[in-house]
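User: I would like to see how the terms used for a structure follow from its values. Please take me through a few cases.

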Amino acid sequence: MHHKAATYVTRPALPPLQELLPLLEDIWASRILSNDGPYHKRFEQALAEYLGTPHLVLVSNATIGLLLALRHSGMTGKVITTPFSFVGTSHALAWAGLEPVFADIDPDSLNLDPGRIEAALSDDVTGLLPMHCFGIPCDTAAISALAARHDLQVIYDAAHAFGVTDRGGSVLRHGAASVLSFHATKVFNTFEGGAIVCRDAEQKLALDRLKSFGIVDESRVESVGLNGKLNEFQAALGCVQLAHVDRYIEARRAVDARYRKLLGGIPGVRLFAPHSHGKSNYYSFPLMLTADYPYTCDEVLQRLRATGIHARRYFNPLISDFPMYRHLPSAAPENLPVASDISARILCLPLFPDLSEEVQQRICALFR
């Protein structure tokens, strides 16, 4: 099948070009292209208001955001994290000079299991890096209580959790910081980009300086920072995208609902329960093929791709299976039985705002 006709697991949601062009002309006329210009300030304020999180730092991408948050946290030694995530979660720990300690996941939420976190603790563990997998919130209450008992710092990888709420409000309010991704594949994107949601103005000031080489003013550098700034073009795109993101999320909800209707009741196909204690962003549509299903994940992938449908095995391999981590004692498959089993059986189907009902029907017919 011709490449253009293929349907991929996700694709960027973009606003009408005519909405962006006047902003680009304004940037060109101003000659301010970066360094916290007017669109950066406008986007940061609008985003904080939308998310209900007053202290927010825009960054060039989520990986840089994690590095900055980890640097500011003062974590040392080992940090407990999930093996069931994009490899960037653990890579950020490694780049920060920290050792990932993998703990197993909950079979329903696919997030770190608080009980397995507790079992993985040791004297040299100083922090936790959980991830809200597929936008489903972690058990933040249990994690917060555990962290308080053991004097641990908590930073959340919230790459999938844009706009997600729980019973108390935004899930981004938990931990010492939460890091969002605005990569092109995310629910809300600025091509590349991200944000650190922090707890107070003092933390925001420190992170703002760290993302700009540690510079305080023209003659003072007071910390070892790096270049993590979001440029004016991406900030302008973010301003425009905010006006459309609720429509994108509603369209994703409709796609999710159609999948549940079309796939419900098929023997051997397990659908994960939707987030029901707050607002979801319908980030992804994972399903699991149980032992009752007559085909393996790889066989299903090949059948889908033969018709131009490109699903993905998120997350297979596990992070703990990659060569730079598999030597760690916590990476042993017997330490991660739930994550290992789910990784072998999970598929994520295409989900994006303009996915047509006709294509969804074609996808789901293959499972029957």
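Predicted model: local features only at pLDDT ≥ 70, side-chain atom pairs only at ≥ 80, totals over all residues.

User: Why is Tyr39 called buried?

Analyst: Tyr39 has a relative accessibility of 6%. Buried means under 20%, so Tyr39 counts as buried. Its place is in helix H2.

User: What does Tyr39 touch, leaving out residues up to four places away in sequence?

Analyst: Tyr39 touches Leu23, Asp26, Ile27, Glu232, Ala235, Ala236 and Cys239. To count as a contact, heavy atoms must be within 4.5 Å.

User: Why is Gln360 called buried?

Analyst: The relative accessibility of Gln360 is 0%. The limit for buried is under 20%, and therefore Gln360 counts as buried. Gln360 lies in helix H12, residues 357-367. Beyond four places away in sequence, Gln360 touches Val255, Arg258, Tyr259, Leu262 and Leu355.

User: How do you know that H2 and H8 pack, and at what angle?

Analyst: Helix H2 (residues 38-51) and helix H8 (residues 232-242) have axes 8 Å apart, at an angle of about 35 degrees. The crossing is left-handed. On the H2 side the contact is made by Pro38, Tyr39, His40, Arg42, Phe43, Ala46, Leu47 and Tyr50. On the H8 side it is made by Glu232, Ala235, Ala236, Gly238, Cys239 and Leu242.

User: How many residues of each class are in the contact of H2 with H8?

Analyst: By class, this contact has 10 nonpolar, 2 polar and 2 charged residues.

User: What makes a set of residues a nonpolar core, and which members of the largest one touch the most others?

Analyst: The members must be buried residues of the nonpolar kinds listed for a core, such as Phe and Leu, joined through side-chain atoms within 4.5 Å. The largest nonpolar core has 57 residues, of which Phe43, Leu47 and Phe84 touch the most other members. H8 gives the most to this core, with 6 residues. A second, separate core has 24 residues, including Phe285, Tyr293, Leu301 and Ile363.

User: Which residues does Phe43 touch, not counting those up to four places away in sequence?

Analyst: Phe43 touches Leu58, Phe182, Phe188, Thr190, Leu230, Ala235, Gly238, Cys239 and Leu242. In soluble globular proteins, nonpolar side chains tend to be buried together.

Notes: Residues numbered from 1 in each chain as written. Heavy atoms only, no water. Axes fitted to C-alpha atoms, helices over the stretch in contact; angles between N-to-C directions. Helix = DSSP H or I, 4+ residues; strand = E, 2+ residues; numbered from the N terminus. Left-handed = near helix turned anticlockwise from the far one by under 90°. Nonpolar A, V, L, I, M, F, W, Y, C, P; charged D, E, K, R; others polar. Buried < 20%, exposed > 50% of the residue type's maximum accessible area, 1.4 Å probe, protein only.
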